[in-house]
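This briefing reviews selected features of one protein chain, from its overall make-up to individual residues. Please read the points below alongside the sequence and the structure.

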Amino acid sequence: MVFVFILWLLFANYCSTTAVEMQAFRDFLLNQHLKHAIIIRQQQQQQQQGQRDYLIEIRDLAMHCHIRFYRVPAKQDIENLLYKTSPKVGIYMNISDPEESLHILQDFAVKDKFKNSYAWFITMHAPAEGLFDDFKIIKNIFDPLRLHINADVTVAIRVNGSNFHLYDVYKILPDFPVTIEIKGNWSLQKGLIIDHKFNYGFMARRTNFQNISINVATVLHDKPKHFDNYTFLSNTQDWKELDPMPRKVYGLMRPMEDLYNFSFNIYYEASWGTYIDGNATGIVGRLHSHQAEFSLAPFRYLTGRVSLVDYSPEVHLERANFILRHPRHVSIRNVYLAPLAVRVWWCVLALIILTIVLLVIQIRQEYKRQSEHHVQRKQLEKHVDFAMLVAAEALLMQGPPSEIFHLISSRTLIATVCVFVFILMEFYNGYIVGSLLAESPRTLTTLEALYNSNLELGMEDIQYNYNIFKNSSSPLMHIIYKERILGANGKSHTNILPLEQGINRIARGGFAFHMSTDRAYRLLENQLNERQFCELQEIRYISGYSTGIILAKSTPYREYVAQVTLKLRESSLMQYNNKLWELHKIDCRLIKGNEIIVDMEHFAAALVFLGCAIVLSLIVLGIEIFYKKCKKLQK
């Protein structure tokens with residue numbers, strides 16, 4: 001009772017709203033699922049016939065919603081009147097005098113309060129004379145007002161004591177004629193009855209923009225000179241390595257024009273935009289000054305931009321990492337010794353020496369059993385070097401002539417050595433072939449390994465790279481930026497390079513460059529052969545950066561952009577667009593399989609061994625010649 005009594009003291013003299021109209025407003029709020037409401041009252045003193053019924057309706061309304069009363073004219077600011085934390089507010093107003101009410105509505109229109117965040121329920125009485133129909137009444141009041149496509153205004157015209165005709169009111173553009181649609185009706189007996197299509201959002205109902213032009217903004221940095229802006233922006237086949245993100249997003253949002261019957265009026269900016277000392281530049285500046293509605297270029301989600309622009313759902317995942325040609329092992333590796341451990345090699349050497357010793361013994365036994373016609377060979381067969389040659393033949397799986405050895409023990413020894421060598425060579429050759437075909441292990445796969453390497457580090461001179469290193473939560477990223485990119489003194493900017501220089505240094509090798517990896521692969525594809533392209537290595541320290549379209553604050557197209565983005569994702573058109581701009585990389589497994597040729601790195605050990613053997617044989621030959629000459633001189 002105290003609550004009702006206070007309301008009566010405050011508003012008894014200013015109450016021109018009947019209990020029936022307040023009951024209709026309550027049903028409207030329940031239908032819209034709204035919990036906050038504002039009641040606008042004109043300063044007009046009338047005799048109240050149903051004061052008690054009106055207060056009862058106010059009390060019932062307060063049980064469902066948080067109510068705030070606004071008496072006009074009032075000096076309080078409209079911005080402070082509205083609920084800051086509510087996603088949507090219901091506003092009620094009764095128009096008894098159209099001329100006076102028009103001034104009130106214009107105050108709200110100037111503050112841009114006829115948008116989807118505010119659900120207006122405006123009641124008025126049909127004229128007694130019946131000279132004007134409902135549409136003309138609404139046009140006369142709302143044509144001068146600044147409404148948008150996202151306006152949520154319901155006009156309820158009272159035709160008799162308890163019946164209202166409901167109309168939905170909006171404009172395509174503020175200077176367009178008002179559009180009126182029949183929404184339904186309300187009666188005391190049947191309550192609120194609305195058309196089925198109004199159960200859906202205004203984005204599903206208002207799909208014809210009547211071929212208007214909507215101002216949007218994008219940026220093109222690398223456009224070839226022989227292309228005009230629009231031709232280059234809409235081209236999805238050529239020069240995909242140049243300005244890929246703006247062109248990709250334009251191709252993604254292009255169906256929006258046909259879906260809602262409008263066209264883009266594109267502004268081409270020189271930069272993405274920054275905000276310094278209260279001045280916004282580039283795309284951000286154009287949207288902040290409301291010269292454009294939204295961008296056709298993706299922007300990273302940054303808290304610093306939230307006060308300037310709004311964001312759409314994700315339209316592009318940008319991957320920016322360090323990319324480099326992984327260095328190959330330049331030290332000569334003796335792969336011919338690698339298959340066996342050192343202990344195994346010593347065992348093989350011991351076995352060879354034992355085989356030679358046994359062959360010497362076997363040769364002597366064979367010599368004793370030879371008949372007289374073998375005397376011509378006995379001097380040769382006595383030497384140890386003959387046993388070494390026989391052992392070498394056995395190790396190379398050649399074997400000596402069968403007529404040399406007749407003893408079963410000799411043949412058993414040679415056969416056993418041949419079987420052993422065959423098994424050993426299977427393991428040995430299998431490892432050699434496998435080592436040549438297998439890819440060399442890559443060690444530069446983490447930020448820590450990259451920091452400790454002898455490679456030079458750099459980054460592309462673009463704004464988002466500075467933000468990445470500045471806002472990174474990894475201490476190692478800050479160290480890399482200060483010590484390896486800027487230099488030890490913090491003043492050298494030699495490794496903050498334009499895109500072309502960074503790509504050229506990656507191609508030469510020995511340099512890791514931080515940039516968009518998708519774009520890097522496209523640029524490097526034209527500079528590297530297949531083998532070199534397969535040497536590229538990414539240092540992934542984060543999966544990617546989500547980006548979205550930015551929109552001007554209070555733009556009427558925010559819900560449309562969000563709905564189109566989600567529809568494109570649901571219908572897989574966004575995934576198709578991603579595939580369209582994705583680089584199909586080379587299958588490096590096939591490239592590696594074709595590289596059967598043994599390079600100098602692997603064959604150097606064999607050449608060194610052969611060269612040493614030739615040199616040694618020449619030295620021995622010289623010694624033998626010198627020895628024979630000395631022997632002749634002595635004779």
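A residue counts as buried when its relative accessible area is under 20%, as exposed when that area is over 50%, and as partly exposed in between. L233, with a relative accessible area of 0%, is therefore buried. The model is a predicted one. Its chain has 635 residues, of which 45% are buried.

**Overall make-up**

- The secondary structure of the chain consists of 25 helices and 20 strands.
- Among contacts with a separation of 6 or more, 73% are between residues 24 or more positions apart.

- L233 is placed in helix α8, which covers residues 229–234.
- With neighbours within four places in sequence left aside, L233 is in contact with T218, L220, P246, R247, Y250, I266 and Y268.
- One of these contacts, T218, is 15 residues from L233 in sequence, with a C-alpha to C-alpha distance of 9.4 Å.

**Buried residue I122 in strand β4**

- Strand β4 (residues 118–125) contains I122.
- The relative accessibility of I122 is 0%, so this residue counts as buried.
- Apart from neighbours within four places in sequence, I122 has contacts with M93, I95, L105, F142, V153, T154, V155 and A156.
- I95 is one of these contacts; the C-alpha atoms of I122 and I95 are separated by 7.0 Å, while the two residues are 27 residues apart along the chain.

**Buried loop residue H148**

- H148 belongs to the loop between α6 (134–142) and β5 (152–158).
- Because its relative accessible area is 11%, H148 is classed as buried.
- Setting aside neighbours within four places in sequence, the contacts of H148 are D112, Y170, K171, P174 and P556.

**Strand β16 and its pairing**

- Strand β16 (residues 456–460) is largely enclosed by the rest of the structure, because four of its five residues are buried.
- β16 and strand β18 (residues 511–516) run parallel and are joined by four bridges.
- G458 has F513 as its bridge partner in β18.
- β16 also runs parallel to strand β17 (residues 496–497), to which two bridges join it.
- In β17, L497 stands opposite E460.

- Across the whole structure, a search finds 26 aromatic pairs.
- One of them is the pair of F202 and Y560, which is edge-to-face, with 5.5 Å centre to centre and 75 degrees between the planes.
- F202 lies in helix α7 (residues 202–205) and Y560 in helix α22 (residues 558–570), so this pair ties together parts that are 358 residues apart in sequence.
- Both F202 and Y560 are buried.
- F209 and Y560 also form an edge-to-face pair, because their ring centres are 5.1 Å apart and their planes are at 90 degrees.
- This pair links distant parts of the chain: F209 is in the loop between α7 and β9 (212–219), Y560 is in helix α22, and the two are 351 residues apart.
- F209 is buried, as is Y560.
- F202, F209 and Y560 belong to one aromatic cluster, together with Y230, Y250, Y260, F262, F264, F294 and Y557.
- Y250, a member of this cluster, is also in contact with L233.

**Nonpolar surface patch on helix α12**

- V342, W346, L349, L351, I353, L354, V357, L358, I361 and F420 make a nonpolar surface patch of about 910 Å².
- Helix α12 (residues 342–368) contributes the most to this patch, supplying nine residues.
- V357, one of the patch residues, lies in helix α12.
- The relative accessible area of V357 is 43%, so this residue is partly exposed.

Terms used
Residues numbered from 1 in each chain as written. Predicted model: local features only at pLDDT ≥ 70, side-chain atom pairs only at ≥ 80, totals over all residues. Heavy atoms only, no water. Buried < 20%, exposed > 50% of the residue type's maximum accessible area, 1.4 Å probe, protein only. Contact = heavy atoms within 4.5 Å. Patch = residues over 30% accessible without salt bridge, like charges linked within 9 Å, V, L, I, M, F, W, Y side chains within 5 Å. Areas by Shrake-Rupley, 256 points an atom, 1.4 Å probe, with all protein chains shown as cover. Salt bridge = Lys/Arg side-chain N within 4 Å of Asp/Glu carboxyl O. Pairing = 2+ DSSP bridges. Phe/Tyr/Trp six-rings, centres within 6.5 Å; stacked < 30°, edge-to-face > 60°.
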